[in-house]
Amino acid sequence: MSTVLSRPLAAKKSRATGFPSVPQVNLLPPEYGARQALSQMKRRLLFVLVVVLAAAVVAYGVALTSLTSARGDQARAEGETTRLLQAQQQYAEVPQVLGQLTRAQDAQALGMSTEILWAPYLRAIGAVMPEGVLLSQFAMTGATPMLAPAPPSNVLQEPTVAGVAFEAISDELVDTAAWVDALNAMPGFHGALVSSASADEYNDQPVYRYTSTVRVTEAAYADRFAEGE
């Protein structure tokens, strides 16, 4: 009688379910499965730890670069501040000089605020005099930076900042009305008046003396040192 040796047929998986068609039994002890699960968990934790350490290193590098750049900017700013402070010390007297210059300009503007250039007006008065009349005396009164002009004596008068009084002589009578009109037509003059006229003799020749006054308005101010000029 012969003995036939045969291998047990390998378990075939069911095509429908994917599980072995022949029931199988896991004969490994539970401790083996637990060790495998623990090993897998350790590998996962190690991977997570490596990722965290790498992220920390990158963040540290970025922070270190930003800190280095910030320190460089701070050093440059401190150097610029030091340079500006040194320049400020070099020009420390400039604000004082500018302040003195401003005060001098203000004082000049105040002191010359009532300036009237009388030479052109004196020539103009001589130009409008009738023919043959000579100016013998000339006097002016007016406001100063410390003295306000006198108010008008009546409401019909224009504001006056100065007054001119002069005397003239002639060897014949003149038309005083035309003379007054000519004086009032001059810019800055108003209220011209021939206050007196008298006759006299000189070398047996008749001589006529005239005393005239005229008021001066603010238009006569030179304003050479006014603000903005």
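Predicted model: local features only at pLDDT ≥ 70, side-chain atom pairs only at ≥ 80, totals over all residues.

Q: OK, how many helices and strands are in the chain?
A: There are 4 helices and 4 strands. Going from the N terminus, the order is α-α-α-β-β-α-β-β.

Q: And what share of the residues is buried?
A: Buried residues account for 17% of the 229 in the chain. As for the surface, the chain exposes about 18,000 Å², and carbon and sulfur atoms supply 61% of that.

Q: Let's zoom in on α3. Which of its residues are buried?
A: Helix α3 covers residues 118-128, and Trp118, Tyr121 and Ile125 are buried there. Seen down the helix axis, the buried residues of α3 fall within an arc of 60 degrees, so they line one face.

Q: Why would that spacing put them on one face?
A: An α-helix has 3.6 residues a turn, so residues three or four places apart point the same way.

Q: What's on the other side of α3, then?
A: Arg123 and Ala127 sit there, and they are exposed.

Q: And what covers the buried residues of α3?
A: The cover includes β1 (134-142), β2 (162-170), α4 (176-184), β3 (189-202) and β4 (205-216).

Q: How far is Trp118 from Ala220?
A: In sequence, Trp118 and Ala220 are 102 residues apart, while in space they are 9.0 Å apart, C-alpha to C-alpha.

Q: Now Glu115. Where does that one lie?
A: Glu115 is in the loop between α2 (94-111) and α3.

Q: Is Glu115 buried or exposed?
A: Buried: its relative accessibility is 14%.

Q: So what does Glu115 touch?
A: Not counting residues up to four places away in sequence, Glu115 touches Ala220, Tyr221, Ala222, Arg224 and Phe225.

Q: Switching to strands. How do β3 and β4 pair?
A: They pair in the antiparallel sense, over 11 bridges. Within that, Val194 has Ser212 in β4 as its bridge partner.

Q: What's going on in the hairpin of β3 and β4?
A: There are 2 residues between the strands, and Asn203 takes a positive phi near 55 degrees.

Q: And how about β2 and β4?
A: Those pair in the antiparallel sense too, over 9 bridges. Val164, which is also one of the residues touching Trp118, stands opposite Val214 in β4.

Q: Last topic: which residues form the nonpolar patch on the surface?
A: That's Leu46, Leu49, Val50 and Leu53, with about 380 Å² of accessible area together.

Q: Where is Val50 found, and how open is it?
A: Val50 is in helix α1, residues 30-90. With a relative accessible area of 48%, Val50 is partly exposed.

Notes
Residues numbered from 1 in each chain as written. Heavy atoms only, no water. Buried < 20%, exposed > 50% of the residue type's maximum accessible area, 1.4 Å probe, protein only. Arc of directions from axis to C-beta. Contact = heavy atoms within 4.5 Å. Patch = residues over 30% accessible without salt bridge, like charges linked within 9 Å, V, L, I, M, F, W, Y side chains within 5 Å. Areas by Shrake-Rupley, 256 points an atom, 1.4 Å probe, with all protein chains shown as cover. Salt bridge = Lys/Arg side-chain N within 4 Å of Asp/Glu carboxyl O. Pairing = 2+ DSSP bridges.
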